[in-house]
Amino acid sequence: MLQEQALLLGVELVILDEAGSPAKQINQNDKHVAGSFKDADKIRELARRCDVLTVEIEHVDTQVLEEIATKGVEVDGKMKKVPVHPSWDTIRLIQDKYLQKEHFSKAGLPVAPQMALETHDVSTLDKVAEAYGFPFMLKARKGSYDGRGNFKVNGTEDYAEAVKFMEGLSIYAEKFLPFQKELAVMVVRTEDDEGNLKDVYPYPAVETLHVDSICTQVVYPPAVPDETYQKARSLASKVIQTLKGRGVYAVEMFLLQDGELVINEVAPRPHNSGHYTMEALPAMSQFRAQLCAILDIFPAATKLQPRVSGAVMLNILGGANPDSHDKLVNMTHQDHDDGVDVFLHLYGKASKPSRKIGHITLTSYSPATDLMAAVQPFADEVSNLRQGRLDAAAAQLRIAAPAAAPSTELAAPAASSRNTKNPLVVVTMGSDSDLGVLKGAFQILEQFRVPYDFTITSAHRTPHLMSELARTAADRGIRVLITAAGGAAALPGMVASETTVPVIGVPVRASVLDGQDSLYSIVQMPRGCPVATVGINNSTNAGLLAVRILGSSDAGYRKAMADYMKKMCEEVEAKAARLQDIGWEAYLNGK
């Protein structure tokens with residue numbers, strides 16, 4: 001996208017990237033450098049071929065960028081200094097999220113309270129909890145993006161998992177601030193040849209919507225008061241005034257419940273939240289602005305005013321299969337509502353699950369146009385793509401009991417009620433060793449014809465899958481989660497902490513403490529995070545309790561449970577009558 005604008009400006013773009021990379025696909029020349037942006041020698045080679053150097057990712061070696069800008073690279077026996085924009089020291093600052101926010105805080109700009117952590121032990125987390133209360137955030141200082149490297153600590157029961165999750169990382173703690181929206185503002189920064197600030201130019205503020213910590217939509221204008229909208233643009237401008245280097249920057253921020261704004265983080269480059277500018281502000285999209293700013297040809301009189309009344313950008317994320325996104329792409333070729341224009345951008349990247357491989361932008365010129373109604377079919381298909389990824393991931397963990405272990409065999413009868421697409425109950429366990437314990441629950445769910453599914457999600461070994469199951473359960477229509485775990489038995493509580501769906505814990509008898517450790521772990525959940533608990537290894541009761549929960553709002557299950565209870569009563573009455581008739585000795589001998 002930067003290359004497309006370079007062609008329109010008559011600017012030659014030379015690229016360091018792997019052979020066949022997206023930009024090289026539309027820009028064939030013999031000046032490109034093939035290799036990795038993490039290779040210092042390759043970066044020096046690129047600098048030899050350029051008049052100015054810029055980056056599209058901040059996870060680069062700033063030592064070599066500093067060397068290129070201050071000492072230069074050797075060309076024909078002479079040292080050639082190459083300007084780097086944004087400045088290498090700005091990139092270095094932004095690489096460390098803790099230092100980045102310390103920098104903004106010292107400038108008097110609003111950020112969440114934070115503290116650097118030297119250790120990851122329980123006593124350190126206790127100090128954080130004492131300072132900030134629960135919940136609080138643990139974040140990796142470097143290398144994280146799209147929510148990776150973040151861990152929300154809801155209570156002391158999360159400590160062990162948090163320590164394991166953050167093992168080996170340099171981290172900091174941040175007070176959790178409940179927010180109502182995430183906003184973003186792209187800002188253009190211009191400088192003179194001495195590096196002095198000339199001006200900053202904020203783009204419109206937008207709302208960014210996230211699922212699984214990945215941006216799925218960018219909406220202009222955001223549904224916020226005009227005062228908040230202008231305040232966001234002003235705050236973003238002040239943020240970028242504190243940095244160094246020409247170019248385009250993304251400022252992400254949280255709109256808190258009380259209407260205040262706090263800075264989340266800054267990206268020193270064109271950004272996903274600014275892609276809508278390609279259609280909303282075609283005369284000065286973020287990519288054109290990047291080139292104009294770093295080449296010092298940005299028009300001082302520029303007004304970054306959209307030509308449209310509304311715009312929504314949707315990311316195309318790779319699905320379960322390489323062609324999963326084809327339906328979404330084909331939708332852009334169909335007829336659309338009057339007053340709505342649809343623009344497709346594919347990046348030339350191989351499709352991988354959750355990888356950003358393109359985006360779609362819808363725009364309208366009239367405020368009277370119901371743009372969000374036009375967006376909805378596309379948003380629904382984006383959700384379908386996501387569900388396909390979830391189903392594929394779950395299928396990889398689907399339990400196949402070995403033929404040699406009949407006690408854990410899950411082969412269902414022809415009329416099995418298992419439903420992998422629309423289950424009402426999902427049974428998950430921390431390990432396949434828990435499978436035999438759950439046989440009773442499966443039998444009950446089959447007996448009552450409850451649509452159900454099952455999987456393995458370890459709280460310690462696959463926390464991302466566990467969180468995914470918990471956070472998406474309600475939206476998938478799941479009504480009850482049955483979780484089985486032994487030992488420390490963190491799984492039921494961890495799942496309950498991330499879902500509004502009722503959770504039933506099944507303590508599994510281990511070889512050491514006979515299941516009492518698991519029972520106590522599940523039943524002693526802290527106030528505010530309830531988990532229904534059944535007896536040790538008693539998954540039958542977990543299945544029955546799940547049916548009763550369903551019966552609270554479904555007359556069919558309620559009647560089935562009443563019939564089941566009546567049958568139990570009749571069986572006990574029959575046994576009592578037989579005992580009276582034949583006496584205890586004959587009864588025992590008969591049994």
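**The whole chain**
- The C-alpha trace spans about 110 × 60 × 50 Å along its principal axes.
- The protein chain has 591 residues, and 48% of them count as buried.
- You can find 19 helices and 21 strands in the protein chain.
- Among contacts with a separation of 6 or more, 65% come from residues 24 or more positions apart.

- The mean pLDDT of the protein chain is 90, with 95% of residues reaching 70 or more.
- Among the elements, helix α9 (residues 226-241) has the highest mean pLDDT, 98, while helix α19 (residues 555-590) has the lowest, 85.
- Over residues 397-414 pLDDT stays under 50, and the model has 30 contacts beyond four places in sequence for this stretch.
- Where pLDDT is low, the predicted coordinates should not be read in detail.

**A sheet to look for**
- Five strands form an open sheet in the order β18-β17-β19-β20-β21, and their pairing is parallel.
- Its edge strands are β18 (452-456) and β21 (532-533), each of which pairs on one side only.
- Strand β17 (residues 425-429) runs parallel to β18 and is joined to it by 5 bridges.
- To see these two strands side by side, look for V425, which stands opposite Y452 in β18.
- In general, strands of a sheet pair through backbone hydrogen bonds, either parallel or antiparallel.

**Backbone details worth a look**
- Most residues other than glycine have a negative phi, and most peptide bonds are trans.
- The peptide bond from H85 to P86 is cis, with omega near -5°, and P86 sits in the loop between β4 (78-80) and α5 (88-95).
- Another cis peptide bond runs from F134 to P135, again with omega near -5°; P135 is in the loop between α7 (122-132) and β6 (136-140).
- D212 is not a glycine, yet its phi is positive, at about 55°. This residue lies in the loop between β10 (197-211) and β11 (214-220), and D212 counts as partly exposed at 22% relative accessibility.
- A489, also a residue other than glycine, has a positive phi near 50°. The loop between β19 (480-486) and α16 (491-496) holds A489, which is buried, with a relative accessible area of 4%.

Note on methods: Residues numbered from 1 in each chain as written. Predicted model: local features only at pLDDT ≥ 70, side-chain atom pairs only at ≥ 80, totals over all residues. Heavy atoms only, no water. Pairing = 2+ DSSP bridges. Helix = DSSP H or I, 4+ residues; strand = E, 2+ residues; numbered from the N terminus. Buried < 20%, exposed > 50% of the residue type's maximum accessible area, 1.4 Å probe, protein only. Contact = heavy atoms within 4.5 Å. pLDDT = per-residue confidence, 0-100.
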